[in-house]
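Here is a short tour of the structure shown below. Keep the viewer open as you read.

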Amino acid sequence: MHAEFLPYHGPRHIPGYGVPGLQKRPFIPFVERLEIVRQCRYVDRVIRVDFHNTSKVEAWKALRYGCLFSGSDHEGEGYWMWLQRQLRTLGSDLEFFPYTQSTSSSMLQAVIRDAR
């Protein structure tokens, strides 16, 4: 199976990041998250998204990636469903990773904090 994991946002590109009450800072540092994704068997490349390459369709035109991945919290939302249809017309796809209720960053933080 050929797949590329695209895109991967840095913390400064998360909506509401740094705005009190809207978004908390990611617990796992960006470079470590990049490496986690890079180690997935079916991932060919991890591409950091910045304000110059946020259009997933334009990115597909440049990179011809096989699949874009997003969290299932976006599944069913208008933009993401439109994007999935667009990518499928181009021969690509958009897959949604299921939200893992049994493991959350809040739970990981608590375990690490308690171990200290």
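## Fold at a glance

Helices (H or I, at least four residues) and strands (E, at least two) are taken as DSSP runs, numbered from the N terminus. With that in hand, the protein, a predicted model, has 4 helices and 4 strands. Read from the N terminus, these elements follow the order β-α-β-α-β-α-β-α.

Of the 116 residues, 32% count as buried. The protein exposes about 8100 Å², and 56% of that comes from carbon and sulfur atoms. Among contacts between residues at least 6 apart in sequence, 64% join residues at least 24 apart.

The mean pLDDT is 75, with 73% of residues at 70 or more. Confidence is highest in α3, at 94, and lowest in strand β1 (residues 3-9), at a mean of 44. Over residues 1-22 the pLDDT stays under 50, and the model has 66 contacts beyond four places in sequence for this stretch. Where pLDDT is low, the predicted coordinates should not be read in detail.

## Around Gln84

Let's look at one residue of helix α3 (residues 78-89), namely Gln84. Is Gln84 buried or exposed? Its relative accessibility is 10%, so Gln84 counts as buried, the cut-off for buried being under 20%.

The side chain of Gln84 reaches the backbone oxygen of Leu94 at 2.8 Å. Leaving aside residues up to four places away in sequence, Gln84 touches Asp93, Leu94 and Phe96. Asp93 also forms a salt bridge with Arg88, with the closest N and O atoms 2.8 Å apart. Within this pair, Asp93 counts as buried at 17% relative accessibility, whereas Arg88 is partly exposed at 48%.

## Salt bridges within helices

The model has 3 salt bridges by count. Besides the Asp93 and Arg88 pair, Arg38 pairs with Glu35, the closest N and O atoms being 3.0 Å apart. Both Arg38 and Glu35 belong to helix α1 (residues 30-38), 3 residues apart, or about one turn of the helix. Arg38 is partly exposed at 41%, and Glu35 is partly exposed at 34%.

Glu58 and Lys61 also meet through their side chains in a salt bridge (3.2 Å, N to O). These two are 3 residues apart in helix α2 (residues 56-63), so about one helical turn separates Glu58 and Lys61. Glu58 is partly exposed at 46% relative accessibility, and Lys61 is partly exposed at 44%.

## Cysteines

How many disulfides does the structure hold? The count is 0 disulfides. Cys67 counts as buried at 5% relative accessibility, while Cys40 is partly exposed at 39%.

Key. Residues numbered from 1 in each chain as written. Predicted model: local features only at pLDDT ≥ 70, side-chain atom pairs only at ≥ 80, totals over all residues. Heavy atoms only, no water. Disulfide = S-S within 2.5 Å. Buried < 20%, exposed > 50% of the residue type's maximum accessible area, 1.4 Å probe, protein only. Polar contact = N/O pair within 3.5 Å; in protein donor to acceptor, adjacent residues only side chain to side chain. Contact = heavy atoms within 4.5 Å. Areas by Shrake-Rupley, 256 points an atom, 1.4 Å probe, with all protein chains shown as cover. pLDDT = per-residue confidence, 0-100. Salt bridge = Lys/Arg side-chain N within 4 Å of Asp/Glu carboxyl O.
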